[in-house]
Amino acid sequence: MSIINTFKTSDDLYKAYPKTKYFTLKDIFSDFWYDFLEYADNHNLTIRNVVKVDVERMMLCKTIHLGCSTYRCPECNNTLRVFNTCKSRFCNSCGVKYAKQRALNIESKLISGTHRHLVFTISDILWPLFLEDRKRLNFMFEAVSKTLLSWYKEKYKDKNLTPGFILTLHTFGRDDKWNVHIHCLLSEFALGNTGEKKMDFIPFDMLRKRFQKILLDLLENDIGKSKFRPIKNKIYSKYNNGFYVRAKKNEFPNSKKAISYILRYCGRPCFAQYRIIDIDEDNFISFWHQRHEDDLFVVERIHIFEFIARLIRHIPDRNFKTIRYYGFYASKKHKLYDACKKLIDKAKLPFYRSLTKWRNLLITSFNIDPLKCPNCGTIMDFVYAFT
């Protein structure tokens, strides 16, 4: 990391670095991706096939190479070509739609009631182990789910109380570096043999220590005792109170706010394009992030190859699920689940889903109807598609 400046407020940042040009990841990768593959020092970076596929599709997004649909105005015969999108999880444009669809999918499954946002973090000593073998990312989900479900089972065994929770994996922090952690949306109520029971207290010490032990045991079984035990002992010595778990009580006014927060990065690249300040003639990129520990706005300047390497690490493997459901939100639902009131009425769900369609997204987001003829105002008809 090369920090060149820090600021207390965004106003101070923008005064020091006024925006003169808007940069997009698509343009940056189009300019530097193939040079990165040929000339960058990537001996410590495995460039997976899924990375190459997602990056190349992103660079072709909304171009003729991915096909298009043609619309024609029935009144004046004006035509419009709409190029297909790449639907890559690495594309900023497609990521907006993906995030909204994922949020709606979660909302449609949530039972009406308070939910708490928890964050399960781990030692940075362990981060490289998950980068070394991405299958180990499944251990994060397993460790969190076992931590929560085992505590409920032990404390409320006679009532068979089960919570509902949704886990989302993030592999980056605010500085966009590799930082593995789990966001959890946990119901503050549980379903059991006798119905629903409010559950708004969970001991922090239990969460920290139990999560730490379960995760370390899973990693030791995978890596081997002789190789992992020195790392395990070092972590227990350094983190004798367990890993940090953030579990403030119901900080969000409603479940939609919590969903919006934990899904803000799930459907899009880890990097927001508006944070780019400049790319200089030496191919160094300057950008900012807001540091978590003190909320200062930090400006970094790194080579464009390092910037690309930092971002592509976060592209998930094909078919890897970054959002998973547990407890009474799992696919095998609790017997009382269907009897509970949902956050979104099932009858309204088709309408909400229609809002994530291409045309409706533009109308609701920018008040622009892309199918409205600019010449006469008539709605254009679909003619044909080319793929």
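1. Lysine 62 is partly exposed, at a relative accessible area of 44%. The class runs between two cut-offs: buried is under 20% relative accessible area and exposed is over 50%, with a 1.4 Å probe and protein chains only. Lysine 62 belongs to the loop between α3 (49-60) and β2 (68-72). Its phi is positive, near 60°, in a residue other than glycine. Most residues other than glycine have a negative phi. Helices (H or I, at least four residues) and strands (E, at least two) are DSSP runs, numbered from the N terminus.

2. A note on the basis. This is a predicted model: local features need pLDDT of at least 70, side-chain atom pairs count only at pLDDT 80 or more, and totals for chains, interfaces and linings use all residues. Residues are numbered from 1 along each chain as its sequence is written, and side-chain values use heavy atoms, with hydrogens and water left out.

3. Lysine 87 also has a positive phi, near 60°. The loop here is the one between β3 (79-83) and α4 (92-109). Lysine 87 counts as exposed, at 66% relative accessibility.

4. Now the overall fold. The protein has twelve helices and 13 strands. Along the principal axes, the C-alpha atoms fill a box of roughly 70 × 55 × 40 Å.

5. Of the 387 residues, 46% are buried. The accessible surface comes to about 20700 Å², and carbon and sulfur atoms hold 50% of it. Accessible areas come from the Shrake-Rupley method with a 1.4 Å probe.

6. Strand β5 (residues 162-172) deserves a look. Eleven of its eleven residues are buried. β5 pairs with strand β6 (residues 178-192) in the antiparallel sense, over nine bridges. Strands pair if DSSP finds at least two bridges between them. Phenylalanine 172 stands opposite tryptophan 178 in β6. The hairpin of β5 and β6 has five residues between the strands, and aspartate 176 there takes a positive phi near 75°.

7. β5 has another partner. Five bridges join β5 to strand β12 (residues 323-327), and the two run antiparallel. Glycine 164 stands opposite glycine 327 in β12.

8. Aromatic pairs come to 22. One of them is tyrosine 239 with phenylalanine 243, edge-to-face at 5.8 Å centre to centre and 70° between the planes. Rings of Phe, Tyr and Trp (its six-membered ring) pair if their centres lie within 6.5 Å; planes under 30 degrees apart are stacked, over 60 edge-to-face, and the rest tilted. Tyrosine 239 is partly exposed at 22% relative accessibility. Phenylalanine 243 is buried at 1%.

9. Ring pairs also build a cluster. Its members are Phe29, Trp33, Phe36, Phe90 and Phe305.

10. Two arginines place a charge over a ring. The charged end of arginine 301 sits over phenylalanine 284, 4.2 Å from the ring centre. The charged end of arginine 324 sits over phenylalanine 320, 5.0 Å from the ring centre. The test asks for NZ of Lys or CZ of Arg within 6 Å of the ring centre and within 35 degrees of the ring normal.
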